[in-house]
Amino acid sequence: MIDMEERIAQWHYIEHGPDVDAGKTFRKLCEEVGELGEALMLHSKNPAHVAEEAADVAIVLSHIVRAAGSTLFLQMERKLTVLECNSALRRGVIE
Ligand SMILES: [Mg+2]
C-alpha cells in the first residue's frame, strides 16, 4: 500500500504541483464522499461502482495524510492497533 501511496503522491505532483491547497483538498474530499454516499444509497446493487467511489475517497485521504507528513497505511495500522487493544481490554482478553 505504501507503493500505491507513492504512486498517488507522484500523480498528484504531476497534476497539481508541489503546493497543497487545503481548501481545494477539502472540497475534493467532500465531493468524493458525496459520490460514495450516492453510490451507496442509489447504486447499492452495483458494488463495483461503490468500490470505485470508495477508492476515490482513499486516494484523497492518502494525499491529505501525506501532506501531514505520514502515510495513510501507517496511520490506519496505528489506529487499528489501538482499536484492537481497546477491544481486547473491553473483552478482558488483556489487562
Ligand atoms: Mg468519485
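This is a predicted model: local features need pLDDT of at least 70, side-chain atom pairs count only at pLDDT 80 or more; totals for chains, interfaces and linings use all residues.
On the α1 side they are Glu5, Ile8, Ala9 and His12, and on the α3 side they are Ile59, Ser62, His63 and Arg66.

**How α1 and α3 cross**
- Helix α1 covers residues 2-16, while helix α3 covers residues 47-67.
- The two helices pack at an angle of about 85°, and their axes are 10 Å apart.
- Because angles of 65 to 115 degrees count as roughly perpendicular, α1 is described as roughly perpendicular to α3.

**The overall fold**
- What elements does the protein have, in order from the N terminus? They run α-α-α-α, with four helices and zero strands in the protein.
- The radius of gyration is 16 Å, whereas the globule rule gives 12 Å for 95 residues, so the protein is more spread out than a compact globule.
- Taken along the principal axes, the box filled by the C-alpha atoms is roughly 50 × 35 × 25 Å.

**Burial and contacts**
- How much of the protein is made up of buried residues? Buried residues account for 7% of the 95 residues.
- Look next at contacts between residues at least 6 apart in sequence: 56% of them join residues at least 24 apart.

Conventions:
Residues are numbered from 1 along each chain as its sequence is written. Axes are lines fitted to C-alpha atoms, for helices over the stretch in contact, and angles run from 0 to 180 degrees between N-to-C directions. Angles under 35 degrees count as roughly parallel, over 145 as roughly antiparallel, 65 to 115 as roughly perpendicular and the rest as oblique. Two residues are in contact if their C-beta atoms, placed from the backbone, lie within 7 Å. The radius of gyration is taken over C-alpha atoms; the globule rule is 2.2 Å times the number of residues to the power 0.38. A residue is buried if 20 or more other C-beta atoms lie within 10 Å of its own, exposed if 12 or fewer, and partly exposed in between; C-beta atoms are placed from the backbone.
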